[in-house]
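I set out to go through this structure entry by entry, noting what I looked up and what came back.

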Amino acid sequence: MERGPLQVLTIPTAPYPNQRPSVSGLRKKVYVFQTKKNYLHNFIQSIFSSIDLPDRQGSTMVVGGDGRFFNRSAVEVIVQMAAANGIGCLIIGQHGIMSTPAISCVIRKHKAIGGIILTASHNPGGPDGDFGIKFNTANGGPAKETITNKIFQISRTIEEFAICPGLRVDLNTLGKQTFDLENKFKPFTVEIVDPVESYANLMRNIFDFAALKELLSGENHINIRLDAMHGVVGPYVTKIMCDELGCPASSAINCVPMEDFGGQHPNPHLMYATDLVDSMKDGQYDFGAAFDGDGDRNMILGKNGFFVTPSDSVAVIADNIFCIPYFQRTGVRGFARSMPTSTALDRVAKATKIDLYETPTGWKFFGNLMDAGMLSLCGEESFGTGGDHIREKDGLWAVLAWLSILSSKRQNVEDIVKGHWIKYGRNYFTRYDYEDVDIDAACDMMEDLEILITDKSFVKQRFAVEDKIYQVEKADNFEYTDPADSTISRNQGLRIIFSDGSRIIYRLSGTDTVGATVRIYIDSYEKELILEDTQVKVMLAPLATIALKISQLHHRTGQSGPSVIT
């Protein structure tokens, strides 16, 4: 207990106009938080003020981050402000670090009113990198738009914030710390916890760890390679996969969290996870996976670097879902994918007679369906996969799901995926990212494109490229009515759907800190399997040509080609 009550101060401040959270929270360059006076304080106060005073008085909240530069400094400020705003207890990961899936788990376990997650996900870190703040609510998932809008409105008119500047917390030592504050009847408590423990317990209740240990370290074990990319998931890989399930320490690479992620993008993508991709090429490893900065995204590779698209990954897990003991107990309530994700999951849902939901991009939409008891498994094309055990996508859970399938089927990754294609047909899918586009040019292009495709004359138009002809069957700006609560989300992406089921989708990304990112998604289904080494790029070339012709993207944005191709 600290000697004497600590002083609580109210500090005058001025609002900033640009603190609107996106689907992934507030993301800015680190220097914005460091150099703009009270920029961090304003947003944190706006979060606390968005919670009604009776609800936050004496309540519990969870705090953690991916360990990127500025993480610890931000945690220390949040502790001081939480105490001053009436929060009763903060649960914080040791050293201020905790993965996004683990924070969701801890929020739900302790029935906290919410959590503050410090991450910019797969964006680069370090002093010149990005920093982000996300608020998750009591269900463990990202705040709904009504709440993020409230936070934004408060941030636009904020005049003061409350803080206890004399409060100093020890983030390194496990256990409880208590602090007496002036004019507070009860002490403020900070509990520093092992960031892995609660999450590991949850995984033990979902998967058959004995079977997984036999797969990974038994007599006929497979060899795996896991790349944490110097993000927060490193300690989880070490403790769960190596210490508990018996993988040799050499299986896990880049497992020490670093403030700059070793100078790399912590992005589980073929372009960025080069350490993993290179190590998989010679066939030494049967299974590989990479994770992003905060541990919620994953990339799956098979022997010789066989790449499993995120859209195929969730479809394969769905088709083999009862290889996971958790779903044997709970049953399956529904499947869901984000609208831009390929329709591979739809075919599994149809064959198994399980409800399928198509949502806007953003995990909060999945969480709402889960809370209503309508959804068990979901995924996004942006390397996100998860179940209803928490309310966030979960990279390590996806890896354990895949390993459960390998254990049950005794097949390798490539054979499982190709068997899936033989059974259901194959979706050829790609995404083109045009980054750092002038925001006005991007918005103007999207507005003109919407006018073009929503004109009645656009439907039934035919586009011919080489020997392929595509006829427009439907074109719109995707609108979603949530079946759980009937809320409507408009303007979620421009869709062109052709008579053969192929799709072209255009979206502006909401997860970048500089400029705009225009994304084009192309999805084409082939019922008859083509197992030769036909490259996805070749298969989708006609649709890509049509997508660029319709949008005039290169001309409108001044960019000659995409920055990233998935």
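**Entry 1, Leu553.** I looked up Leu553 and found it in helix H19, residues 553-557, where helices (H or I, at least four residues) and strands (E, at least two) are DSSP runs numbered from the N terminus. The model is a predicted one, in which local features need pLDDT of at least 70 and side-chain atom pairs count only at pLDDT 80 or more, while totals for chains, interfaces and linings use all residues. Residues are numbered from 1 along each chain as its sequence is written, and side-chain values use heavy atoms, with hydrogens and water left out.

Leu553 counts as buried because its relative accessible area is 0%; buried means under 20% relative accessible area, exposed over 50% and partly exposed in between, with a 1.4 Å probe and protein chains only. Apart from neighbours within four places in sequence, Leu553 is in contact (heavy atoms within 4.5 Å) with Tyr434, Met445, Val518, Ile520, Leu548 and Gly558. Val518 is 35 residues away from Leu553 along the chain, and their C-alpha atoms are separated by 9.0 Å.

I then asked for the overall figures, and the secondary structure comes to 19 helices and 27 strands. The radius of gyration, taken over C-alpha atoms, is 24 Å, which agrees with the value near 24 Å for a compact globule of 566 residues; the globule rule is 2.2 Å times the number of residues to the power 0.38. The C-alpha trace spans about 80 × 60 × 40 Å along its principal axes. Of the 566 residues, 60% count as buried, and among contacts with a separation of 6 or more, 71% are between residues 24 or more positions apart.

Is Glu392 buried or exposed? Glu392 counts as buried, because its relative accessibility is 1%, and this residue lies in the loop between S18 and helix H15 (395-409). I noted two polar contacts of its side chain, one with the side chain of Lys134 at 2.7 Å and another with the side chain of Asn136 at 2.8 Å. A polar contact is a pair of N or O atoms within 3.5 Å; within protein, one must be able to donate a hydrogen and the other to accept it, and residues adjacent in sequence count only if both atoms are side-chain atoms. Not counting residues up to four places away in sequence, Glu392 also touches others, including Thr100, Ser104, Ile117 and Trp363.

I found His230 in the loop between strand S10 (224-227) and H9, and it counts as buried because its relative accessible area is 17%. A polar atom of the His230 side chain lies 2.8 Å from the backbone oxygen of Val256. Beyond four places in sequence, the contacts of His230 are Asn254, Val256, Pro257, Met258, Phe261 and Gly262.

Ile324 sits in the loop between H11 and helix H12 (325-330) and is counted as buried because its relative accessibility is 0%. Setting aside neighbours within four places in sequence, I listed its contacts as Ile206, Phe207, Ile317, Ala401 and Ser404. Ile206 is also one of the buried residues of helix H7 (197-206), together with Ser198, Tyr199, Ala200 and Met203. The buried residues of H7 pack against helix H5 (100-109), helix H8 (209-217), helix H9 (234-244), H12 and H15.

How many cavities of 30 Å³ or more does a search of the whole structure find? The search finds four. On a 1 Å grid over the protein atoms alone, a cavity is a set of points where a 1.4 Å probe fits but cannot get out, and lining residues have an atom within 4 Å of a point. Grid points are joined across faces, edges and corners, and a volume is the space filled by probe spheres set on the points.

The largest cavity holds about 110 Å³. Of its 15 lining residues, Pro21, Ser22, Gly25, Phe135 and Thr148 are the closest to its centre. Strand S6 gives the largest share of this lining, three residues.

The second largest cavity has a volume of about 40 Å³, and S13 gives the most to its lining, with three residues.

How values were computed:
On a 1 Å grid over the protein atoms alone, a cavity is a set of points where a 1.4 Å probe fits but cannot get out, and a pocket is an open set with protein on both sides within 12 Å along at least five of seven lines; lining residues have an atom within 4 Å of a point.
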